[in-house]
Amino acid sequence: MCSRNDQDDGLMEEKPKPLWTEVCQKCSAAKPVIQILQIKHAYCRDCFLAHVNHKFRSTLGKSKMMRPSDVVMAAFSGSVKSHVLLHLLHAGFSEKSHKRFLFKTQVLYIDEGAVLGLPLSDRSANLRLVAEMSEQYGFSAYFTSLSCQHDNQGLVCVPLNKDSALSVNVEFEAELNNLIANISSLTAKEDMLKQLRQQVLLRAAKELKCNKIFTAESSTDLAIHILTDVSLGRGAQMHHDVSFCDDRDEEVKILRPLLELSSKEIAFYSVYFKLSSVFIPSLCSKAQCDSSIHNLSKKFVMELMENFPSTVSTVFRTGEKLGSSSSTSVRGDQEDVCILCQVRLVGTAAPCSSSQATEFSRLISSLGPSGFDNNSLTCLPPTDDTFLGQSSCCGPSQNSETCCVKADVSGKCGSGQDMLTLSDVEKLCCYGCRLIVHDVKTVSGLPANIIETARIRKGLQSMRDSIKDFLL
Amino acid sequence: MLCAVYEWVTLLVLFDIWWRKRPVSPVFAFDFSSTVSIRTEMPVSCSSKCGKRAILKRPKTGDALCKECFFWAFETEVHNTIVQGNLFNRGDTVAIAASGGKDSTVLAYVLKVLNERHDYGLNLVLLSIDEGITGYRDDSLETVKQNRDDYEMPLKILSYDELFGWTMDAIVAQIGRKNNCTFCGVFRRQALDRGATQLGVNCVATGHNADDLAETVLMNILRGDIARLQRCTSIITASESEGSIPRVKPLKYTYEKEIVMYAYFKRLVYFSTECVFAPNAYRGHARAFLKDLEKIRPSVIMDIIHSGESLQVKDDVKLPVRTQCSRCGSVSSQELCKACVLLEGLNRGLPKLGIGKSSLANRAREQQDAGKKKITNCDF
């Protein structure tokens with residue numbers, strides 16, 4: 001079984017390390033400078049660059065998704081990866097007539113400095129660098145800020161050029177900071193940040209009338225994503241996060257055209273073209289590797305790659321085989337989706353499942369032998385919708401206690417229907433997002449639009465409950 | 001009076017803990033939740049409000065429980081899994097795969113307790129496999145024999161030697177320290193099947209716990225084995241249709257730590273020594289990863305199992321078709337089952353036959369056959 005990898009390891013050790021061929025495997029003329037696919041292929045510089053470009057174009061071509069009328073929004077963070085993406089797109093637009101990309105491209109930069117509390121001067125400097133980088137390709141560029149999610153109306157995208165200045169809405173920034181500070185664990189913070197970023201991307205794309213978004217994840221990133229998603233309980237939606245196309249949103253599709261390239265190939269591409277990049281720190285930068293699940297999975301994959309170089313491609317190919325089976329891809333109405341990540345909620349969990357078992361453990365740990373009726377075992381409520389269901393605001397779980405303590409301070413506990421509790425929000429989330437909400441301290445820190453949606457859906461639910469006896 | 005002093009001390013301790021642990025941030029709010037979670041430094045009462053002092057914190061939910069409530073909760077959870085998963089039918093004969101380790105010892109004990117308490121009407125037997133590893137299995141089998149006497153269950157021991165004609169000691173002597181876990185694992189699977197058939201049982205219960213399952217999910221992702229990834233989390237092996245005996249995992253949702261706690265507080269005798277042969281290197285990485293994850297977020301084990309249960313595979317992915325081995329008739333996705341290939345390799349003196357690609361194996365087989373023919377040709 002697993003020992004097959006041991007043997008691979010043995011094979012690796014037996015061979016002398018670099019097996020450089022005299023000439024490039026591709027053109028048999030120039031001297032090779034880079035190995036791809038570990039040892040097998042040594043390419044010269046030109047052949048390597050052509051190979052990267054070809055992989056990018058073939059990924060787009062194979063998908064058969066691009067139409068000439070498409071307007072694409074390239075997400076640009078200033079990192080090496082996203083700069084390579086812009087460079088490849090630019091190369092595609094400068095091709096001879098029959099090979100030229102026909103779709104249109106716009107660039108979007110999202111300013112996330114508020115999350116880390118970077119000084120405004122640093123953030124403006126980053127913005128200027130990003131503007132310079134995107135300007136050299138001649139795409140029309142825009143920028144927005146992560147805190148725009150707290151803004152319920154109005155436009156969020158601002159044209160980006162050398163002279164554009166970062167304007168900060170103090171109120172929204174404070175709300176964003178409050179949201180992040182409100183989450184107790186780094187894992188949940190980062191997961192929340194990812195969901196927020198996704199929502200800002202989708203919102204900006206709709207505003208800019210783009211129907212596709214390009215993001216710059218490499219296969220290495222996606223292998224890490226797979227392990228992270230599994231550990232975060234997001235197995236059901238993993239295929240959205242790691243496949244070429246994320247079509248959770250009905251209007252805008254998120255595509256990952258760099259997913260066939262490894263991070264090594266991307267790094268060398270940027271070195272050979274002397275592409276600059278801006279390092280913008282994020283939540284997990286400089287943090288201990290055991291500080292969050294994201295960092296730990298990254299470290300795990302990187303360490304495995306040293307001894308088992310096929311790790312990334314194996315994990316990535318595993319992810320490729322995941323997808324939605326045809327029965328579940330039918331779109332339900334808006335009320336069936338998770339309010340944080342827009343994945344479809346499963347109606348009821350199987351009677352014997354991990355979430356049911358966890359819920360049962362919680363229940364009996366709080367009730368004890370005297371409070372628990374053995375006969376009620378067979379008629380436990382279905383769980384996936386009622387995780388923490390029976391514990392209302394003042395229930396036994398620690399999370400609800402906290403919410404109650406907080407609510408008591410403001411003197412509002414249980415003060416009627418429009419008072420939203422964390423367990424109400426949890427009910428509207430998928431399994432993975434519940435884990436985020438579990439680490440949220442107070443409900444008021446959540447973004448305004450999420451609270452609003454939750455309130456509307458809770459209201460609808462209570463209306464439905466009150467008339468359910470008369471519904472046919 | 002004493003009460004009042006006690007309260008004051010508690011408050012002071014609380015304040016002290018809070019002061020040390022307080023978040024250093026501009027927002028200076030009294031964060032009550034962070035102090036409550038520090039439970040080790042003061043007497044905590046049982047979460048179930050039974051009035052007793054808690055002695056442990058459950059890794060799964062974080063609840064603090066007293067000894068009696070923990071025993072009750074542990075057993076009730078296994079009962080819940082058995083009932084919700086429809087693992088057994090009344091009147092079944094169930095073989096407990098017993099290695100003498102903590103999981104199978106606790107499994108045998110709990111099943112016996114639950115069978116009496118909830119009147120399942122099960123006939124429980126112990127089934128052990130003797131791999132023939134000197135200094136490891138011979139000692140652990142003594143534990144199983146102890147269990148047999150303690151729990152008054154019949155015990156059946158099958159050995160690799162009598163089933164396959166090879167002991168693990170002999171196999172390791174031939175193949176070396178690498179890859180021997182492949183032989184041991186594949187043979188044990190088949191040995192359990194054969195033992196179950198000999199005993200005429202309705203199903204085999206194994207001691208796989210939640211940690212094992214989470215680890216298997218990770219391993220199958222790392223190995224890219226999509227077929228196993230799909231079925232590794234199922235609580236009953238889906239093989240009733242082919243007439244083979246199903247295997248069930250009643251401890252599937254039980255944390256390894258709670259199993260150790262249960263065995264420790266119940267003072268159950270179990271055997272805890274690592275196998276004398278080299279531990280499997282690659283699985284070790286996955287295990288270490290899981291342990292690190294668990295430190296960050298204890299619920300991660302259940303989260304990974306949830307992920308494994310809810311994974312969906314694309315419709316157009318080819319999965320291996322289950323057939324029967326043409327030599328021994330057990331379930332296999334290939335013409336020959338793995339056990340038969342490995343055994344053939346051992347008997348031919350080509351122990352690497354079943355390890356690595358099947359095309360390489362076929363070539364090696366042909367070469368040896370061709371070689372034999374040459375020799376016979378020379379003979380006459």
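A salt bridge is here a side-chain nitrogen of Lys or Arg within 4 Å of a carboxyl oxygen of Asp or Glu, a rule applied in the views below to a predicted model.

**View 1. The salt bridge between B:Arg297 and A:Asp439.** In this close-up B:Arg297 of one chain is paired with A:Asp439 of the other, and their closest N and O atoms are 3.6 Å apart. Because the cut-off for such a pair is 4 Å, the distance of 3.6 Å qualifies. The count of salt bridges between chain A and chain B is one.

**View 2. The contact between chain A and chain B.** Chain A brings 76 residues to the contact and chain B brings 68 residues, and the area buried between them is about 6200 Å², with 62% of it coming from carbon and sulfur atoms. Across this interface 14 residue pairs are in polar contact, counting pairs with both residues at pLDDT 80 or more. On the side of chain A that touches chain B, helix α13 (residues 354–371) gives the most, with 14 residues, and by class that side has 29 nonpolar, 34 polar and 13 charged residues.

**View 3. The annotated span of chain B, residues 48–70.** An unreviewed UniProt entry annotates these residues as "domain: 2-thiouridine synthetase TtuA-like N-terminal LIM". In the model the span is 17% helix and 17% strand, and its end C-alpha atoms lie 10 Å apart.

**View 4. The aromatic pair B:Phe70 and B:Phe74.** The structure holds 24 aromatic pairs over all chains. In the pair shown, the ring centres of B:Phe70 and B:Phe74 are 5.9 Å apart and the planes stand at 55°, so the pair is tilted. Both residues belong to helix α3 (residues 67–84) of chain B, where being four residues apart separates them by about one helical turn.

Terms used:
Residues numbered from 1 in each chain as written. Chains lettered and ligands numbered in written order. Predicted model: local features only at pLDDT ≥ 70, side-chain atom pairs only at ≥ 80, totals over all residues. Heavy atoms only, no water. Contact = heavy atoms within 4.5 Å. Buried area = accessible area lost by both parts, 1.4 Å probe. Polar contact = N/O pair within 3.5 Å; in protein donor to acceptor, adjacent residues only side chain to side chain. Helix = DSSP H or I, 4+ residues; strand = E, 2+ residues; numbered from the N terminus. Nonpolar A, V, L, I, M, F, W, Y, C, P; charged D, E, K, R; others polar. UniProt positions renumbered as here; feature names shortened; annotations may be inferred. Phe/Tyr/Trp six-rings, centres within 6.5 Å; stacked < 30°, edge-to-face > 60°.
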